[in-house]
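Visitor: Could we go through this structure together? I would like to begin with the domains and then turn to the backbone.

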Amino acid sequence: MKLLKCPVNGLRPIDEFAYGGELREMPDPQSCSDGEWADYVFNRTGAPGVKPEWWYHIPSGTWFVAERNTVTDMVERTYFRGEA
Amino acid sequence: MPYRLIKFAFSKQHPEAAFFRQPAQIRDSYDAVIIGGGGHGLAAAYYLARDHGITNVAVLERGYLGGGNTGRNTTIIRSNYLTPEGVAFYDASVKIWENLSQELDLNLFYSNRGHFTLAHTESAMRTMRWRAEVNKQMGVKSEVLGPDDIQQACPQIDLSCAGHAPILGALYHAPGSVARHDGVAWGYGRAASQMGVEIFQNTEVTGLDIRGGRIHGVQTNRGNIKTGKVLSAVAGFTPRITQMAGIRTPIVIHPLQACVTEPMKPWLNTILVSGSLHVYVSQSSRGELVMGAALDPYELHSTRSTLDFVEGLSSHILDMFPFLSGIKVVRQWAGMADMTPDFAPIMGRTPVAGFYLDAGWGTWGFKATPISGKTMAETMARDQEPELIDAFRLSRFREFELTGEKGAAAVGH
Amino acid sequence: MSYRLPQQSGEWIDRNLTFSFSFEGKTYQACNGDTVSSALWASGVRVLGRSFKYHRPRGVLSLANHDINVMLENGIDINLRADVLPVTAGMKLDAVNTAGGVVKDYLSVLGWLAPFLPAGFYYKAFHRPRLLFPFWENIIRRMAGLGVMNPKAPRLVSPKTNLHCDVLVVGGGPAGMNAALVAAKQGARVILVDENARLGGTLGYDSSSGLGPGQQLEQLCEEIEAHADIEVHLSSYAAGYYADHLLPLIGPEGMAKVRTRQLIVASGAYEQPAVFRNNDLPGIMLGSAAQRLIQRYAVKPFERGVVLAGNEQAWRVALDLLAAGVELAAVIDLRMDPPPAGLIPPAVLVYSGYCIYEAVGSSGLEGVWACPWDGQGNADQSRAIYIPCDGIAMSVGWAPASALLYQAGAKMKYDEDCQQFVPDSLPPGVHAAGRVNGIYGLADSLADGERAALGALGLSSVINLLPASQASHPWPLVEHPKAKNFVDFDEDLQLKDFATAAQEGFNNIELMKRFTTVGMGPSQGKHSNMNAIRVLARLRDEPIQRVGSTTARPFFHPVPMGHLAGRSFHPVRHTPLHGWHQQHEASFTYVGAWQRPAWYGPDKATAIVNEVRAVRHAAGLIDVGTLGKFELRGLEAGEFLERFYTGHFLQQKIGTTRYALLLDESGVITDDGVVARLAEDFYYVTASTSNAAAVYREMTRCLQLWGLEVTIVNLTGSYAAFNIAGPLSRQLMEGLTTADLKQISNGGAIETQVAGQQARVMNVRFVSDLAYEVHAPAQSILSIWQALVEAGQSCGLKPFGIDAQRLLRLEMGHFIVGHDTDGLTHPFEAGLDWALAKDKTFYIGQRSLKIKANKPLTKKLVGFTLPHPPANLPDECTLVLEQGRIAGRVTSIAFSPTLGQVIGLAYVAPEAGIAGKRFVIRHQDGSDVAAIVSKLPFSGAAA
Ligand SMILES: Cc1cc2nc3c(=O)[nH]c(=O)nc-3n(C[C@H](O)[C@H](O)[C@H](O)COP(=O)(O)OP(=O)(O)OC[C@H]3O[C@@H](n4cnc5c(N)ncnc54)[C@H](O)[C@@H]3O)c2cc1C
């Protein structure tokens, strides 16, 4: 089983974590067009690469961001959102 | 002894021609280019040639034919979906499957086994009822059965599942079948090749030539090709191609794993799927148990295997079949499933004129190989989707008109 | 006759402990330490199994866990490998997949049919006419498959362990043993694993007659045993490599999962067979198999034999055979080179530049035809020599056991000098040593082990050793017009099958594998892939490096499912009232991992009716402790809830409750619950049982996203709750609390004492207009519950389960998320427009609803009644039809004892969703049932 580093709890086996998907910026719902909103809701950056993602450490209830290479599965760093 | 085999024994020369012509050179222009030499791409090439007379076609495959998800899948074929659009579509596919070995003159071992989706909870039973009713309404054979019927079809099963998750009933789908995956790619490839389609392996598309909102050609590791029509049928590689096209889609790649045991004499004659236990199993004609489970939980463009997968899967299989604990798993593998949020495919035209998408096949696209080939060929030939695939258009997301196949596709394939 | 030799130094058998066992109905003797194959071979048995396709007789090939044609069944387990299965007293064994026994297997006639059955034959026939395919398929399925499954076999439950170390060394040969020692001496914690019962690897059997490594082996073993930091696992194999250096070691007792910092793969190499006609006859074995028979089990491999030589090892095999008293008829050397000095066997005929063209025999080897050859597969038959013999030891080359390296992501290259794939680049933390690295010879192997160990510890100063020269012959294959020269023993693939496959267009390694099935049998190509690659390289006229090899996937050896499963683990959650429910005849049902009472009492139907009646006419109690329960505190808690749920919470009055509807970003309903405001900066929120964890998770994510001043505490487990409902509920509650409950009867909430315990009481009208939800710490809930039960005893209070709850809420016209909605239902369809705040700037899903609001509705959730209910009601999820088209479905349906009629919820076409209109339900039996849209709540329900 893969290991993932939680910023609070350190390296833990991956089955202690839940994946929260790509970290995405929400467009301003007031000013964005319907098309921009639908793009935000449904579309994803599916192409491989290093991406910031939401991860959740289940036992401790900790959300954080992991920058992960989606080809090699190597995690480059983990941090709390806003602390990049 | 079939005549075809007798020829082998008595001919001096090997009596069979090569499956595929292997032209040495790629020409610099084709009427259509198909990216991806999996079942879908090759089927599309076949129907382009057969139904629309378009034979000046190149199929480009980065690796070898059928080496993507086609050659990794567990080959469950069924049409007991949840939405009327899904049922109609997959049913049309099953109808082609039934005569495909004869049509392609290749024995695909299309083996009609019957398909049981086991329900261990009341809410699963409700979903089975829902699917059964939609199926019946669409003329597809499905019914809800009780535990006794299941026991009769598979006397070896422990209906109590070791007491943890007693089986309350099942959705039984008589047309459920399995087939030989490689053969499907080879059969379509051979038939397309015989009609003039050129197939190139070890040929990777590295870029698309798009100008003025229209496709003009593709770039490959073996040079550029001019063409006005391009089909992307690359399953787990779709996001890479759509990125080249500048098109955004909801597709995210997750690994899907499977494994097989050592061969044993036949005892399991049906295809069994358990949504609650997240496993499914059938016995191949070689005698191996072919087993799979739920999708890996996070995005990954890789075909690596995990130990947790076989551990979890074995535990659940043994809940149903405790006597298999001494049976050995020989091999595990994975494919890259192109997942959509509503578990329905994405098919048809795109914002780039002349560039067509056949994707979002996730964990369920093998069974669709014939019908997707046929409908995509028509879409390419006419630049217009047939009604049958309208529900699968890319624009449904922008329009907030998703297709809601999640309930039927989540584990069952 | 017995082939048992006098005592060999270092033999693995214990001659003082013998027992009998049976094979195919005959009884044989074995020594403790024997494998089934060694014991049978010692007894002179030669046909140990039958091949898969042609049912050809097969004997000992490798004696190293690759003899996949010698598989056994014992009545419980199948496909047991005789070459490594230790004999135990009284075993009763049969060969798998024979028709009429291993000796007289009548399916061996299939061999005659071989010309009709070329590679991939089953793609070419049996599909016409279509109707006959099931007939052929049935035959093919029966022919395929090895052992016969025993459905009565017991479930093995083996424990799993987790281990951690600094260095894991896979392979206990000289390279691995030395690597382990060097690493341990540097202070590393080491695990050393070997699939054999003893350490030593090649050192244990390739002792080459008097060269003296026996002593070296003893010394290494002693040192390893003495070292406190080396943990040795024998009879265990590393079954695969997984991310972050996780390797499962599979032993006889179960699985140990090892997480290591550094991995040294010293897994050696598999000896490879030569390919010539009838190369599978019993008596023909690998040189190393002959050595294993002699050194480990003290069994003479054959009486009079030849050695087929393609490398230096062959000469050591020859010496070993002589020492064991075998009459060595000849050494047939594929090469022209003279034997290396010091290894020249005395007085033995050596045919240099010869190959074996054909072996002769029926159920065992009787002789060989040797011919001069061109080194490229072509024999000169004009100069053939016949040598009578009953055995051949083949030492022509090796293939690295590099599966773990491949799985770890190593890149391999073909070393033309060594004629072997060797690692080209290795991933971080992974090292290779010994034969897998192309390093042969004792001194070099030890040195390579040391180098790998120092490398693993970051202390490497030693330079890489060069792979050995000519460890393998480049082309150990001989053409024969009559074929039966097997490349793959698992699948009975002959040399010509590859040419056929290539000719048909399957000329890359992966396609060839799939078309011919080479390497897809139980041995996973350990003895066949290398030769297949050579053949393909030649067919394509390309160097082997360009042809490459197929991907090596787990497992290294097959792993029993019982070991993989271990003890299966099924956690169950109980509320603090569970014991009480049990004492009161509750029947339980699962809601996720929770067990909840479905009804109380022996008979379901009467229980539910009585429970419903109690709630409508007196009072009922239901355990709702499984609800998600969260406390939100902070100045911005109200703001948080405004964004999270669809309703208004900032203006919510202290001491009141509000309905909370949760959407996802696309506007789909995902959950609902209740928000109680207990103080200016303090809200108490519930979520449905099945979504509790997901809602909490999403709350905490949004909190981080929005950066608001709120703390969220998840009380789902530490708080418990129940609902008391019905006309007498207030009266009963008031007897136990001083609070004025009338005050909260219209959507209020208070913190107060109930039955002497601190509790939160909320007016939640899901099942009845008069109902209170009491939330209290887990440890105090039982006493409150019991106090109420006692107080209610005289007036008809009853506990009720979730079946009655479903019915009660249906009478009230309430929907249940997930039951009456699906993965795409949005609030407009569910008739929840009223729950959407119109004047907020943001809540999750709002923007999407704005888009959906502009689209026509396609269906609508309505209440309905059945004017003429059939005896057998339509099931939930039967369809609502509109002129034969599917318009919607029934989501809930039941006979309401309160109303005396059948009621339900269903999705119908929007224009049909007007009270009083009729619509049609398609019953599961195919009939049509008329339904009438009803206003909600169903009138007269709310008692
Ligand atoms: C383990 C597993 C089990 C499954 N089980 C089932 C099942 O039981 N039933 C079912 O119906 N479905 C199942 N599926 C899903 C099914 O396998 C796929 O949906 C289906 O095979 C997709 O076929 P395809 O031809 O579209 O894609 P593929 O077969 O993946 O073919 C795409 C091809 O495109 C090539 N390609 C990619 N990029 C490029 C490029 N740039 N240039 C050139 N070529 C390129 C790839 O190499 C590949 O060969 C399963 C999938 C997996 C992984």
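Predicted model: local features only at pLDDT ≥ 70, side-chain atom pairs only at ≥ 80, totals over all residues.

Visitor: Which domains does the assignment give for chain C?

Guide: The assignment for chain C lists domain 1 (1-153), domain 2 (160-270 + 400-456), domain 3 (285-395), domain 4 (475-569), domain 5 (611-801) and domain 6 (856-943).

Visitor: How many residues do domain 1 and domain 2 of chain C bring to their contact?

Guide: Domain 1 of chain C supplies six residues and domain 2 of chain C supplies five residues. Taken over C-alpha atoms, the centres of these two domains of chain C are 31 Å apart.

Visitor: What area is buried between domain 1 and domain 2 of chain C?

Guide: About 440 Å² is buried between domain 1 and domain 2 of chain C, and carbon and sulfur atoms account for 53% of that area.

Visitor: Which residues of domain 1 of chain C lose the most area there?

Guide: They are C:Trp12, C:Asn65 and C:His66, which together make up 88% of what the domain 1 side buries against domain 2 of chain C. By residue class, the side of domain 1 of chain C that touches domain 2 of chain C has two nonpolar, three polar and one charged.

Visitor: And how many salt bridges and residue pairs in polar contact are there between these two domains of chain C?

Guide: Between domain 1 and domain 2 of chain C there are zero salt bridges.

Visitor: Changing topic: where is C:Phe555, and what is the omega of the bond from C:Pro554?

Guide: C:Phe555 is in the loop that runs between helix H15 (544-547) and strand S29 (559-560) of chain C. The peptide bond joining C:Pro554 and C:Phe555 is cis, with omega about 15°.

Visitor: What about the bond from C:Leu936 to C:Pro937?

Guide: That peptide bond is cis, with omega near -10°. C:Pro937 is found in the segment after strand S48 (928-934) of chain C.

Visitor: What is the phi of B:Asp383, and is the residue buried or partly exposed?

Guide: B:Asp383 is not a glycine, yet its phi is positive, near 55°. B:Asp383 is partly exposed, with a relative accessible area of 34%, and is placed in the loop between helix H10 (369-382) and helix H11 (406-409) of chain B.

Visitor: And the phi of C:Glu585?

Guide: C:Glu585, also not a glycine, has a positive phi of about 60°. C:Glu585 is in the loop between helix H17 (578-583) and strand S30 (586-591) of chain C.

Definitions and conventions: Residues numbered from 1 in each chain as written. Chains lettered and ligands numbered in written order. Heavy atoms only, no water. Domains from an automatic or database assignment. Contact = heavy atoms within 4.5 Å. Buried area = accessible area lost by both parts, 1.4 Å probe. Salt bridge = Lys/Arg side-chain N within 4 Å of Asp/Glu carboxyl O. Nonpolar A, V, L, I, M, F, W, Y, C, P; charged D, E, K, R; others polar. Helix = DSSP H or I, 4+ residues; strand = E, 2+ residues; numbered from the N terminus. Buried < 20%, exposed > 50% of the residue type's maximum accessible area, 1.4 Å probe, protein only.
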